[in-house]
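These are my notes from going through the model, one item at a time. I wrote down what I looked up and what came out.

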Amino acid sequence: MTSIPRDQWYVAAYGAEIGHDLFTRTVCGESILFWRTRDGAVTAVPDRCVHRRFPLSQAPSRLVDDQVVCGYHGFTYDAGGRCVAVPGQSRIPRTARLLPYPVVEQDSFVWVFIGDRAKAEASRIPRAPWLVSPDHTTVAGMEPLRARYSLLVDNLLDLSHETYLHGGYIGTPEVAATPITTAVDEQAGIVHVSRHIDDAECPPFYAKSTGLRGRIARWQDIEYTPPCLYLLHSRIAPVGSVPGPDGADPDAFHVEVVYAITPETEHSTHDFWCVARDFALGDEEVSTFLAESNRTVVLQDVEALNVLEQVIATEPAGCQELSINIDTGGLAARRLLQRLCAAS
Amino acid sequence: MTAPSGDRVVRVHWVQGTDRLRAVCHCSAEREFEDPVEMWEWLLGHPVGHAS
Ligand code: FES
Ligand SMILES: [Fe+2]
Ligand SMILES: [Zn+2]
């Protein structure tokens, strides 16, 4: 059994990455060709010509209007994947067709459905509305990770590692020292992990961006919807300030950290990250600082997980690991992922 | 912040000042554990051993 759930939506790209040009990315082991048609819609088809399997993203394959022409012998396909021309003959074989992937562009992401296309329900795609909201300013990026996606899930569900792996950036001693609350909504299939630190040192990441100095209240509320979308609602406020009963929270700074965790292969992952803030809107200096700092933090994780993947991949089967309280959320996520894999 | 509210929500509280976890099933059965693996086995084993 594979460890990557099928019949699921995955983030394949940022919408901004796909223009009127051939773009390829591998998602869950499937090489997919994307382009944006002249009417602005994103199209996704297998990146393999049906003739001799030449990659359609590979030059001299090219886009001509809204048709892709294979660079090897010239099979030509329309945006729906239908073959409209083959070389030297007028009869087009009936099976000459690239089966399109269901695609939805939403919240700045391009989502594709991997699996049985009949099961693709767009309403099941989890949302991250901050990323396109005018009340937020967002910075984003994507780093290639040479490790299985489940290692990134483990990593993100347990933020106590911030204290050690990201000390001096986002980690302070209180993160690892503060107990968490975990909840699993079995119907919705969502894991929630909360850590509310009422009196903590303000790490540089937040001190520099918010201007808060000294001690702060720092809340971290994670919502993970397996397999792909991870949200961290981060709240930074002066010590003692809490949201009002109506939810108003004027003294606090809110940062919505979003990750899309997309398996590339069984042993590699696309690590999409976004940081949306509700303060210093449009401030370029703050944006640059947050983008650089977050990328640094993501790369610290990438470096650690790349090493961990090598260790795990070369270890004999059955090596034991040990879980403690901080792993409660990660274990819950594994259970939900196992359930999705078993169902697919 | 978007607290989970379905009818099948299970919760785990890290008991303040201790190393124990208190698991609360959606059927309202509760039990304390020291090992999160054992804890999830009990919690997800509902209804086995959940008479509250
Ligand atoms: S491989 Fe594409 S036309 Fe021959
Ligand atoms: Fe990290
Ligand atoms: Zn129960």
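Predicted model: local features only at pLDDT ≥ 70, side-chain atom pairs only at ≥ 80, totals over all residues.

**Entry 1: helix α1 of chain A against α5**

Helix α1(A), residues 149-157, packs on α5(A) at an angle of about 130°, and the two axes are 10 Å apart. Angles over 145 degrees would count as roughly antiparallel and 65 to 115 as roughly perpendicular, so I put this pair down as oblique. I noted the crossing of α1(A) past α5(A) as right-handed.

Which residues meet here? From α1(A) I listed Leu151(A), Leu152(A) and Asn155(A). Their partners in α5(A) are Asp301(A), Leu305(A), Leu308(A), Glu309(A) and Ile312(A). Sorted by class, the residues of this contact come to 5 nonpolar, 1 polar and 2 charged.

**Entry 2: the length of α5**

I then checked α5(A) itself, which covers residues 284-314. At 1.5 Å a residue, its 31 residues should span 45 Å, and the end C-alpha atoms are 44 Å apart, which agrees. At the start of α5(A), I found a side-chain oxygen of Asp283(A) within 2.9 Å of the backbone nitrogen of Glu285(A).

**Entry 3: α1 of chain A against α6**

I went back to α1(A) and looked at its contact with α6(A). The axes come within 8 Å and cross at roughly 145°. The crossing is right-handed. On the α1(A) side I recorded Tyr149(A), Val153(A), Asp154(A) and Leu157(A). On the α6(A) side I recorded Gly329(A), Gly330(A), Ala333(A), Arg334(A) and Leu337(A). The classes are 5 nonpolar, 2 polar and 2 charged.

Next I looked at chain B. It has 1 helix and 3 strands, in the order β-β-β-α from the N terminus on. Its C-alpha trace spans about 30 × 30 × 20 Å along the principal axes.

How do α6(A) and the helix α1(B) lie to each other? Helix α6(A), residues 328-343, and α1(B), residues 36-44, have axes that come within 10 Å and cross at roughly 45°. The pair is therefore oblique, and the crossing is right-handed. Thr328(A), Leu331(A), Ala332(A) and Arg335(A) make the contact from α6(A). Pro36(B), Val37(B), Met39(B), Trp40(B), Glu41(B) and Leu44(B) make it from α1(B). I counted these residues by class as 7 nonpolar, 1 polar and 2 charged.

I picked out Asp327(A), which sits in the loop between α5 and α6 of chain A. Leaving aside neighbours within four places in sequence, Asp327(A) is in contact with Asp158(A) and Leu322(A). I also compared Asp327(A) with Pro179(A): they are 148 residues apart in sequence and 11 Å apart in space, C-alpha to C-alpha.

**Entry 4: backbone details in chain A**

Where are the cis peptide bonds I looked up? One runs from Ala59(A) to Pro60(A), with omega near 5°. Pro60(A) belongs to the loop between β4 and β5. Another runs from Pro226(A) to Pro227(A), also with omega near 5°. Pro227(A) belongs to the loop between β14 and β15.

Last, I looked at Asp65(A), in the loop between β5 and β6. Asp65(A) is not a glycine, yet its phi is positive, about 55°.

How values were computed:
Residues numbered from 1 in each chain as written. Chains lettered and ligands numbered in written order. Heavy atoms only, no water. Helix = DSSP H or I, 4+ residues; strand = E, 2+ residues; numbered from the N terminus. Expected span 1.5 Å × (residues − 1). Polar contact = N/O pair within 3.5 Å; in protein donor to acceptor, adjacent residues only side chain to side chain. Axes fitted to C-alpha atoms, helices over the stretch in contact; angles between N-to-C directions. Parallel < 35°, antiparallel > 145°, perpendicular 65-115°, else oblique. Left-handed = near helix turned anticlockwise from the far one by under 90°. Contact = heavy atoms within 4.5 Å. Nonpolar A, V, L, I, M, F, W, Y, C, P; charged D, E, K, R; others polar.
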